[in-house]
Amino acid sequence: MKVSYRWLNEYIDLDGISAEELAERVTRGGIEVDGVEQLNKGVSNVVVGYVTSKEKHPDADKLNVCKVDAGQGEELQIVCGARNVEAGQKVPVALIGAKLPGDFQIKRAKLRGVESQGMICSAKELGINDKLLPKEQQEGILVLPPDTAVGTPIGEVLGIDDQVLELDLTPNRSDCLSMLGVAYEAGALTGRPVKLPEHSVADAAERAADYVQVRIGAQEHCTRYAARYIKGVEVGPSPQWLRNRLIAAGIRPISNIVDITNYVMLEYGQPLHAFDADKIAGGRIEVRLAREGESMVTLDDQERKLEPHMLLITDGEKPIALAGVMGGANSEVTASTTNIVLEAARFEGGTVRKTSRQLSLRSESSIRFEKGVDDARVIPALDRAAGLMARYAGGLVTEGIVQEVARAGEPADVAVSLERINAYLGTQLSTLEVKTIFSRLGFEYESDDSGMFNVRVPSRRGDITSAVDLIEEVARLYGYDNIPTTPIEGPTTPGALTAPQAIRRELRAKLTAAGLNEVMSYSVTHPDRAGLFTRLSEGANPIRLAMPMSEDRSVLRTGLVPSLLEIAAYNRNRKTDDLALFEIGSVFLTDETELSRLPQEKHRLAGLLAGSRASAQWNRKAEPVDFYDAKGVLEAVFELLGMTGLVRYEAASIDQLHPGRTAALVLETAGGRKQIGYVGQVHPALQLQEDLVDTYVFELELEPLYEHADSAIRQKPLPRYPAIERDIAVVLDRRVEAGRLTGEIRSAAGELLESVQVFDVYTGGKLGEDKKSVAVSLVYRHPERTLTDEEVTERHTAVVERLGQSFGAELRK
Amino acid sequence: MKERLEALREEALQELQTVSGPQHLNDLRVKYLGKKGALTEILRGMGGLSVEERPVIGQIGNDVRGAIEAVIEEKQAHFQAAETENRLRAETVDVTLPGRKLPAGAVHPLNKVQQEIEDIFIGMGYTIAEGPEVETDYFNFEALNLPKDHPARDMQDSFYITDEILLRTQTSPVQVRTMKAMNGAAPIKVICPGKVYRRDDDDATHSFQFTQIEGFVIDRNIRMSDLKGTLLQFVQRMYGSQTRIRLRPSFFPFTEPSAEVDVSCVQCGGNGCRMCKGSGWLEILGCGMVHPRVLEMGGYDPEEVSGFAFGMGVERIALLKYGIDDIRALYTNDLRFLSQFARM
């Protein structure tokens, strides 16, 4: 809402309060003033002049030499290049020494040899927002109404010696979508009274009811419809002051009739509409919902397809306006209009909102209806506009208002006690202080000795319906700054992270310490991306937004790895080739094709490694990462969570991953086996497609980790007897996995085997294509005594024998 | 014999002065003191001495040995010191060459800020509540006093999936879920961090996906002054004990009274600078007393309990804290950006 400071002064005396001060007070009172605009952008010494003659410049085709009476005693000679300048016009004249916006000063000058004693100005040169002016006024000089007095300073004529406050209204304060509402607010903040505008109508002989009838057919959508009939208007331009005010408010002046409806809308917050009465068949007005298949042409000459939820004004048959949104072309007021049906109604906000949304037609009118208009202002606004039409369009206002009232608005009675106010705010206000606040707001109230206030809230403040609403009014007028600052009383509560929250933090700490950087990607993605790496989301249907902003962000992600690949490619394009990333986030899974209940949201951890393990240094070579780096990260995660013994890595074939370099992670618990993640190299074909080099990824469900993480550390006593270490190297079939080998060793060695570790794997050489050599270090120990060499040898022999039986393994010579 | 011993001492000591290195020293030790050395050679003749002479000559022999050994030891110590010094000189490193880098990754700046805020509130007795990012219209709007067609829904255009299910536009539904889970019990003191989504075109200050932290307290006799006290405590822990707050009346459908909260500018302390656009204040929070209808819908009696709620955008706080001028940097995941946050 744009509020002219000078205009506001008509409803409340702002003497001694500057526009800036007012802006500050209004802001601190809860309505943010985005800015205070100075309308005069630096115009001085520009006055109204009368063009007495115009002649062609002797030496320039496009220039005219004008004689201008600017009230300076003698006529001025001014050279003017505007095409629309004519003798007999009233125009703005910048005198010698005048200043124009942009620090532009007018000097005596000769133009092609002819002296020019000033300049005739366009709207733009005066700093006026010429977008709101008719086209002919935009292109040439600004032509003023003929009755403008010569010599008058232009600032006065154009009303630019004014400031405009731009209010950023919250949805509850639609009462301030009107000058009167703002005046009441300013009155409450300053303690000054509000003066209402004149809205009486002179008596007339003819009765409106003889010309127009009104019927509301859809009473839930329209609670009041009132009309006046105005005869014999002359449609023409509005007076300059009225146009100035509309322009200051950002509304384009059109004609006196339309301008008056807009002016009164700004004044009262009540949208009005003027119909050409002679275009309404039979003078009948019926408010009803649209019928299936109906359509109409609106004022902007657009054909609108109507739907049955849209509210219409009709002549009993065809639509003549889209209620509260836009008038119909068939009943539009034009230059030849002489009789007017003036509408003031109260349409239901939700109905107007839905229509204006659907048709993408938001107007000053629809905005106000959407937020709700004040029933008590419908008739005063109608009368005010009718009065102005009589005065500025020469119309005769016929006797009476024709209206139907489905439901009248009523002021709300709301009770609140002083005790409640103080208990809620933590204040110690007195009865008197609260009374003063209600009085300033213009609320009538009764109060008794117990501190109970019964407040009659005026209907203009439809946002106040309950005790807390009143408490808020008290708080904001008392000043939030004056409310004390206290600690919470009552029992203390222990604060803590839940176990899953703590685990996620531990994971972040561990992974970052290991050199991985945490990334954060979007939860929505392209449908094609959602189809990649779906191993942990099998059977899940991607969930699509009803109205995505782009196809790239149209479905909810079902995995984290696809976005990690995008991040990798992004960074590689910026010459960051060594990548170690992880993300912790939710994925969204459903087996429904159309959601009827919320999807499952699963927490996941995913990571990506590519490039070198550690960057090259003067004393260290860069080594490329491989599968075991990625696996190592996961091992560290399970080690951290005390879950090492529960997890198996099993060779697996998974879509989009390298078939020979991929493992499924299987959790083995008392509850059974469950696949909880995967780790592997991105399939070379996909790497190529995504512009990546060898890239390793992993993804892991976090819920099983929350469930099985074991943070209870139980210290084991240090061994008291020495261990005996034996190494063996065996040659066996290349396909035998190290995990099976060590498992077999454990089983054969029995409980004296403390640990077994692979320390070398060798292929090639003389071993043959299908063989490999694996070197393993075994540590034997007895907890209660020193082992003898013989005991160990016996076990060790058993181990070698078993490996021979199970895998055909031979000791390497 | 005595003269021979004295002569030997003389000769040995003289020759030891010319010793050139540890090997030479060892040769001389063998030459004079070894099993077949000169001293032993002389003392072998002791057998021919009288009983009286023997101890005397023996004493002299020991003296000579002692004298030679002393010098040898001294020379040896000298050579060892020199050798140590040589070795140390050879082992000298260039201390200005860089050390071997330990791996160092960074927690994402949004999580870094979020954890810091969480820790402050945990210290104030709050727990952390979480809720789904895909929400029902009921929890996201209706239970928060935003019925369908409420004009305030304009404020946060949403990503719907069906008519009843959407990406949450705020973390406030977690308030409602928490109330329902607590089933009427008080006190509740939680903060609810999480991702939220709104139909905003991305630009330097807007992101369609962003992070909110909501705080929520319900108990008997919770007052608006408690809200002010809580927020002041929070911002002073976050930004330093000199930080001040200013509340401006505002509107949220789920709180009443509602306020926007400004903190004194974290850069200039309130004098006015570029960051606060000269005002001395930065807007970082919205807050208010929980609307009675929200309490009712959560299963609480507004006559019995009251509460406050507040919410902040983690991105905005991160932008201010780290001097980031474009919110999109937080979602671009450029490692040159992210790796700058690998610090305490």
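Student: Why is Ala290(A) called buried?

Tutor: Buried means under 20% relative accessible area, exposed over 50%, and partly exposed in between, with a 1.4 Å probe and protein chains only. Ala290(A) has a relative accessible area of 7%, so it is called buried. Please note that this is a predicted model, in which local features need pLDDT of at least 70, side-chain atom pairs count only at pLDDT 80 or more, and totals for chains, interfaces and linings use all residues. Residues are numbered from 1 along each chain as its sequence is written, chains are lettered from A in the order in which they are written, and side-chain values use heavy atoms, with hydrogens and water left out.

Student: With which residues is Ala290(A) in contact, leaving aside its neighbours within four places in sequence?

Tutor: Contact means heavy atoms within 4.5 Å. On that basis, Ala290(A) is in contact with Leu306(A), Glu307(A), Pro308(A), Met310(A) and Leu312(A).

Student: What makes the meeting of Arg248(B) and Glu32(A) a salt bridge?

Tutor: The rule asks for a side-chain nitrogen of Lys or Arg within 4 Å of a carboxyl oxygen of Asp or Glu. Between the side chains of Arg248(B) and Glu32(A), the N to O distance is 3.6 Å, and therefore the pair meets the rule. Across the interface of chain A and chain B, the rule finds six salt bridges.

Student: How many residues does each chain bring to the contact?

Tutor: Chain A brings 88 residues and chain B brings 91 residues.
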